[in-house]
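Here's a quick briefing to read alongside the structure. Have the viewer open and follow along, topic by topic.

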Amino acid sequence: MSTDASYFFCGIGGSGMLPLAMIVQARGGRIEGSDRALDQGRTPEKFDWLRGQGVTLHPQDGSGVTRAAQIVVATGAVEDTVPDIGAARRAGATIKTRPQLLSELFNGAEVSVGVAGTSGKSTITGMIAWILHRAGRRPTVMNGAVMKNFAGPDQPFASALVGGADLFVAEVDESDGSIARYDPTVAVVSNISLDHKSMEELRDLFGGFTGRAETAVLNLDNVETAALAQTLPAGKAVTFALGEEAADLSAHAIEPLPGGVRFELVTRDGLRRAVTLKTPGAHNVANALAAIGAVGALGVPADAAAEALESFAGIRRRLETVGEAAGVTVIDDFGHNPDKIAATLKTLHAYPGRLLILFQPHGFGPLKLMKHEFIDGFAGLMREDDVLLMPEPVYFGGTTDRSVGSQDIAAGVRAAGRNAEALSDRAACGDRLLELAQPGDRIVVMGARDDTLSVFAADLLDSLSRR
């Protein structure tokens, strides 16, 4: 990476682009960018904050890309139909994908930790960041979500942590195949299940990722990651599991608490200690084990890691309670694939109250790929009085196959005996949620790739408070 170059981020407000831009800026890069959300007037506070950080923003019409000296950073797919990309080609500017640039930074570090898997990546990355920060290791961290421990009035979008150049921690993505670019010192794989690619492709990608690492941290509770552990040389895998002492790290006596979860940590070398997390759910216990395993490979003792995790505040939009009004609790959650949705529903059903679920799919493609998994997941985990409401998938432009939509998922869930409705749009779903909500209910707003979902959740809470 050229430390003093001029970088133009196309889609700079995105969850993967904003933190990368902040890390590049901290290393001396000059940052400009554009975003379709900016042009559409969505999440203006984010773009005001970016301007306050010295970032020059342009319309996404190509007008900001004028010089061959600029390095234009795009999302995974470089499409000439995007005006900024067309302008970059005309100007002779260098074009890099986000994974290209991130992997250059990642692979350039002396020590690197890559966090991968279908679910749990952002939380595990945040946990590792907090442990290493508490241990004085000054990590640079690239996350896909805001880490509450590092957020504040001056840093409301703290999805990046800027530390030294020698220790780099990053959430890495398998959905576009870019995981193949990363050569980690420590590879964490939380789980492997159907999401964006076939299982055969996923096995190849994750196998290569762990094969290139010095240490792989793997989940024995997931069939695929447990099988992956069996393929690695002796001593290379650090394993974790819930209730299985054959693992290097295991959790026992898991107990839901009003504000989190308690468990007993057991390590292969004889440590046994109680741990209390502020983040609820058995899936967060597993995430904690993964983080403890990762930092252990870097020399942080499990006892110190567990102590740090007791003050881990969580990740924004991961089972985040927005507030309570009129006896109804509103929760904002990132759940968007069957595994994440299952973890959320299982966790919430450990506590009393009906669930009114707003699920906004993050694309038509995932609905088509995982139609049956979505139906089976909701139908199998919803209780008789729970209600699922679905608008059509979020769509911000481009071509797509719309052969499977929200109405297909809702119809399948109804056929299985649960309450589900597909409505015309999100506003209609909001009206229906307010119509249904009664004291003791919990409204859960679920979905990804749309920052306005958090605004929607806050608006629901405001409407409830005015009853």
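Strand 13 (residues 249-257) pairs with strand 14 in the antiparallel sense, with seven bridges between them. This is a predicted model, so take what follows as computed from it. Strand 14 (residues 260-267) has a partner on its other pairing too: six bridges join strand 14 to strand 15 (residues 272-277), again antiparallel.

**Strands 13, 14 and 15**
- Two residues make up the hairpin link that takes strand 13 into strand 14.
- For the next pair along, look at Leu265, which sits opposite Arg273 in strand 15.
- The hairpin of strand 14 and strand 15 has four residues between the strands, and Gly270 there takes a positive phi near 105 degrees.
- Strand 14 is mostly covered, with six of its eight residues buried.

**The second largest pocket**
- The second largest pocket holds about 220 Å³ of space.
- It is lined by 13 residues, and Leu249, Thr267, Asp269, Gly296 and Ala302 come closest to its centre.
- Helix 9 (residues 282-296) gives the largest share of that lining, at three residues.
- Sorted by class, the lining has seven nonpolar, three polar and three charged residues.

**Nonpolar cores**
- The largest nonpolar core counts 48 residues, and Tyr7, Phe9, Ile12 and Phe168 have the most contacts inside it.
- Helix 1 (residues 17-26) supplies the largest share of this core, seven residues.
- There's also a second, separate core of 46 residues, and Ile124, Val146, Val186 and Leu249 are among its members.
- Leu249 is worth a click, then: it belongs to that second core and is also one of the residues closest to the centre of the second largest pocket.
- As background, nonpolar side chains in soluble globular proteins tend to be buried together.

**Helix 11**
- Helix 11 (residues 338-348) is largely enclosed by the rest of the structure, because nine of its eleven residues are buried.
- The buried set is Pro338, Lys340, Ile341, Ala342, Ala343, Thr344, Leu345, Thr347 and Leu348.
- Note that the set takes in Lys340 as well as Thr344 and Thr347.
- What do the buried residues of helix 11 pack against? Their neighbours are helix 9, strand 17 (328-333), strand 18 (355-360), helix 13 (371-381) and strand 21 (442-447).

Terms used
Residues numbered from 1 in each chain as written. Predicted model: local features only at pLDDT ≥ 70, side-chain atom pairs only at ≥ 80, totals over all residues. Heavy atoms only, no water. 1 Å grid on protein atoms, 1.4 Å probe; cavity = no way out; pocket = protein on both sides within 12 Å on 5 of 7 lines; lining within 4 Å. Points joined across faces, edges and corners; volume = space filled by probe spheres on them. Nonpolar A, V, L, I, M, F, W, Y, C, P; charged D, E, K, R; others polar. Buried < 20%, exposed > 50% of the residue type's maximum accessible area, 1.4 Å probe, protein only. Pairing = 2+ DSSP bridges. Core = buried A, V, L, I, M, F, W, Y, C linked by side-chain atoms within 4.5 Å. Contact = heavy atoms within 4.5 Å.
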